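Trainee: I would like to learn how to read helices and their packing in a model. Where do we begin?

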Amino acid sequence: MAAGAGPTGGKAARRPHGLVERAAEISVFTRLLARGRLGNGSVVVLSGAVSTGKTELLNALVDDAAATGAVVLTALATPAERDEPLALVRQLFRTPPQFGAEDDLAWPRVTDAEAAPAAPTDTGTAPADQLSTSAVHDLWSAIDTLARRVTVVIGVDDLHFADVESLRCLAYFGGRVRASRVLIVVSENIGHVGTDASRASWHTDLLRQPHCHRIQVSPLSPRGVAELLDTRLRLPVGTVTTTRWHHVSGGNPLLLRALTEDAAAVARQPAGLAGLAEPTGPAEPVAPGEPAEPAEPAEPVAGTAFGQAYLTCLHRGGPDLLQVARGLAILAESGSSASLRQLVDADEPTVERALDLLERAGLLERAGPLGTGRFRHPAARAAVLAEMSPGERSHLYQRAARLLQVDGAAAHTVAAHLVAAHHPPGPWAFAVLCRAVEETLDHDRLFAAECLRLARLVCSDDMQRATVALLRLRISSPSAEVDPLTAAEHQVAVQAALGGTNREIARILHITASTVEQHLTRVYRKLGAKGRADLRSTFMQFAREDLD
């Protein structure tokens, strides 16, 4: 929102998408604005998770106020100016308000040169670039003087990014609006609230006052989604099947608009114009025999726009949300809450808070086998994974595999993370990879072969090489049986692959030569091998490849 001042006369106010959803919030603001005109000012805080429509609602509210003749002072807090003292206050006072013919108001300008030092602290020093209390009072006096002539609305977007000194000024203003014709309306992301002690005074000192009102802005319901689709796709609300659109977007307006852009791209229409142009006349009648236009949009397509919007939400939500989302993308619903915390290196309160915020923003649903949360659409997980560097993905996949192995996950689950890492694992992974081959051989030979390739890379002795050789025989032989080798059969087969005779194997394993022969008969059948020569030649081939 650009900084500015002044009424807009009869200008039509912008209405937020999902008007049905926001009617109650608009009504509250309208009542408070009416009270403000009578000298009973208020503070309104639009609070919600990232990208739930707070900015759009704030814009609509201040436009409504301007349309009634109020002077509107606006500012946008940004991360880049968060550490710049008075950056936000300078926006509010940058432009003198224009409100009528009697424009003789002395309007202050906040500059570095005019920032007087505050009272000394206990250490005898004063914070740099901090306005004195008298200077803050002078700024309020200018607003109050203006408010005696016309209702004043101060609108601040993304307050969570405001610098500390500007927050101090706003808190001072907010404490005095109750007996004035001033209404302060701000938006803030709940994900940032309470994370910085230096900014806590805005909430602890001001929002407990009776003239301060918090309005929770939540994602759109299915009805709100239907309304937005009606606006964007020009389809009557009653004919739109919204269940899937609401599920994929979570009701998040930013994601929902991205889905409509992807839908337009699929339909080969200009994304910025699809469904947005005003109708130019009555719809063309459909001739008899011609197919009618579909009554509802197709299944939502989550494409490039959706992925970019999802990442935008995560980055705007803060580093904790981004890191937890990355952890969930790596674990892919396979881990516990404990493994997620260890993977992202965060404590339980931090992870739980991030999961709650992701759910409240519509970015995740708290479901899945372990209740940590899952992505509403595969495209969301794909976008999160794609944004990470190959090195970071590999590191996290390997770390996740180890955590899952310690957590007792199935071998094929651990192996899937090792395969996704695209990097040779540590020696600990050999046994897990071999078990994964056995678990998946009958239904996913390609994955089994990939697990076997990794197992071969971490072989450390001839016993392990022989084990890999046996598994390779089983994968490559069309006549191999589904049943895996028993532990005893495996021991005999390994010794045979290493070149041992029946008598030598019997002595090593402390069994009879007859038992060795019986085991080998079953081994040949299960592996689809022609005999001892097959076992030996496969092992020797592996040994030569390792030397190369």
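**Helix burial and packing**

Mentor: This is a predicted model.

Trainee: Which residues of helix 11 are buried?

Mentor: The buried ones are Leu-321, Leu-322, Val-324, Ala-325, Arg-326, Gly-327, Leu-328, Ala-329, Ile-330 and Leu-331. Helix 11 covers residues 319–331 and reaches 18 Å from its first C-alpha to its last, close to the 18 Å expected at 1.5 Å a residue.

Trainee: How are helix 17 and helix 18 oriented to each other, roughly parallel or roughly antiparallel?

Mentor: Start from the angle between the axes; over 145 degrees counts as roughly antiparallel. The axes of helix 17 (residues 429–440) and helix 18 (residues 445–457) cross at roughly 160 degrees and come within 8 Å. The two helices are therefore roughly antiparallel, and their crossing is left-handed.

Trainee: Which residues make the contact?

Mentor: Helix 17 contributes Phe-430, Leu-433, Cys-434, Ala-436, Val-437 and Thr-440. From helix 18 come Arg-445, Phe-447, Ala-448, Cys-451, Leu-452, Leu-454 and Ala-455. By class, the contact has 11 nonpolar, one polar and one charged residues.

Trainee: Is Gln-495 buried or exposed?

Mentor: Buried means under 20% relative accessible area. Gln-495 has 13%, so Gln-495 is buried. Gln-495 lies in helix 20 (residues 487–497). Leaving aside neighbours within four places in sequence, Gln-495 is in contact with Met-463, Gly-500, Ile-505 and Ile-508.

Technical notes
Residues are numbered from 1 along each chain as its sequence is written. This is a predicted model: local features need pLDDT of at least 70, side-chain atom pairs count only at pLDDT 80 or more; totals for chains, interfaces and linings use all residues. Side-chain values use heavy atoms; hydrogens and water are left out. Helices (H or I, at least four residues) and strands (E, at least two) are DSSP runs, numbered from the N terminus. Buried means under 20% relative accessible area, exposed over 50%, partly exposed in between (1.4 Å probe, protein chains only). Contact means heavy atoms within 4.5 Å. Axes are lines fitted to C-alpha atoms, for helices over the stretch in contact, and angles run from 0 to 180 degrees between N-to-C directions. Angles under 35 degrees count as roughly parallel, over 145 as roughly antiparallel, 65 to 115 as roughly perpendicular and the rest as oblique. A crossing is left-handed if the near helix is turned anticlockwise from the far one by less than a right angle, and right-handed if clockwise. Ala, Val, Leu, Ile, Met, Phe, Trp, Tyr, Cys and Pro count as nonpolar, Asp, Glu, Lys and Arg as charged, and the others, Gly among them, as polar. The expected span of a helix is 1.5 Å times one less than its number of residues.
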